[in-house]
Each structure stands twice: as structure tokens, then as C-alpha cells.
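I opened my notebook to look at one protein model. I wanted to know how its parts are put together.

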Amino acid sequence: MKNTRYFIVFLVIGVFCVFVDYNIYLLLLSLSLPLFLAKILSSTVSVSVNYLLNSKFNFNNSQKISPKFYLQYLLLYAVLILLNALINIGLIKITSNIKLSFWLAAIIAAFTNYIAVKLFFSNINQTNSRRW
């Protein structure tokens, strides 16, 4: 039951962050940024929002946000963002539809991101509990 709660909260936060990502992505595309750069930048903003929300509401890490852990989180997500951007570009080539490709890539990323983030925050909580 506890895992179900984590997943639901993660999913709600994730959906919100996907909308943040999507709107920034469309804005950057409207400013004529290349697809890949627009996706990387929009994802980076979305990941930062995701980190703040998940650390507060989902993974019991409400203490002061550590720059060290935030940097580790960004490095983790750098790999996930790159993978998502490549999937997005590949889907655009297959479907010729930027909006559909964005959403399909987001759905694929939701599951891998959940597992990666859950493991990341589990390690943070274990590290913090060892300090006491």
C-alpha cells in the first residue's frame, strides 16, 4: 500500500512536471530553438521542479535541500533527459508529429524515471539516517 501511495504522488507530480516541460518546450520551439536543445532545456526546468516537489511531498526528504544531492539528482536526470530527448527525436522521425512524439516519449519516461528517482531518494534517506 505504501508503494502505491508513492507511485500515485509521484505520478501526480510527474504529470504536473510534464505540463511544465511541454509548455516550455513549445515556447522554446516557437522561439526557433532546435528540437534537441528545446527538449533538453525544457526537461532541465521540469526536472528541477520535480526534484523540489518529490523531495518535499513524496520521499520524506523535507530537510534543507542539499546542493550535493541536487547535483547528483541532476546528473541522474542528465542521463534520463538525454534518453528521453533521443526517444522524442526518434518518435518525431517515425510519426512526423511533434506533439504526439512528446507525449509518447513522456509516457515511456514515466516508468523509468519513477524507478530511478525512487532509488535515488531511498539512497538519500539511508545516508541521512546513518548520520544520526
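My entries below go from the overall fold to single residues.

**Ground rules**

I am working with a predicted model, where local features need pLDDT of at least 70, side-chain atom pairs count only at pLDDT 80 or more, and totals for chains, interfaces and linings use all residues. Residues are numbered from 1 along each chain as its sequence is written, and side-chain values use heavy atoms, with hydrogens and water left out.

**Overall fold**

The protein chain has four helices and zero strands. Along the sequence the pattern reads α-α-α-α. Helices (H or I, at least four residues) and strands (E, at least two) are DSSP runs, numbered from the N terminus.

Next I checked burial. Of the 132 residues, 36% count as buried. Buried means under 20% relative accessible area, exposed over 50%, and partly exposed in between (1.4 Å probe, protein chains only).

I also checked contacts, meaning heavy atoms within 4.5 Å. Among contacts between residues at least 6 apart in sequence, 72% join residues at least 24 apart.

**The largest core**

Which residues of the largest nonpolar core touch the most other members? I found V47, Y51, Y73, Y77, V117 and F120, out of 13 residues in this core. The elements that give two or more residues to the core are α1 (2–30), α2, α3 (67–95) and α4. Helix α3 gives the most, with five residues. A nonpolar core is a set of buried Ala, Val, Leu, Ile, Met, Phe, Trp, Tyr and Cys residues joined through side-chain atoms within 4.5 Å. I noted a general point here: in soluble globular proteins, nonpolar side chains tend to be buried together.

I then followed V47, which sits in helix α2 (residues 35–57). V47 is buried, because its relative accessibility is 5%. Setting aside residues up to four places away in sequence, V47 touches Y73, L74, Y77 and I81. V47 and Y73 are 26 residues apart in sequence and 8.8 Å apart in space, C-alpha to C-alpha.

F120 was my next stop. Beyond its neighbours within four places in sequence, F120 contacts Y51, F69, Q72, Y73 and L76.

A second, separate core has six residues, including Y22, Y25, I92 and F102.

I searched the whole structure for aromatic pairs and got five. Rings of Phe, Tyr and Trp (its six-membered ring) pair if their centres lie within 6.5 Å; planes under 30 degrees apart count as stacked, over 60 as edge-to-face and the rest as tilted. Y25 and F102 make a stacked pair, 5.4 Å centre to centre with 25° between the planes. Y25 lies in helix α1 and F102 in helix α4, so this pair ties together parts 77 residues apart in sequence. Y25 is buried at 0% relative accessible area, and F102 is buried at 1%. Ring pairs link F19, Y22, Y25, F102 and W103 into a cluster.

Most residues other than glycine have a negative phi. S32 is not a glycine, yet its phi is positive, about 70°. S32 lies in the loop between α1 and α2. Is S32 buried or exposed? S32 is exposed, with 64% relative accessible area.

S96 also has a positive phi, near 60°. S96 sits in the loop between α3 and α4. S96 counts as exposed, at 65% relative accessibility.
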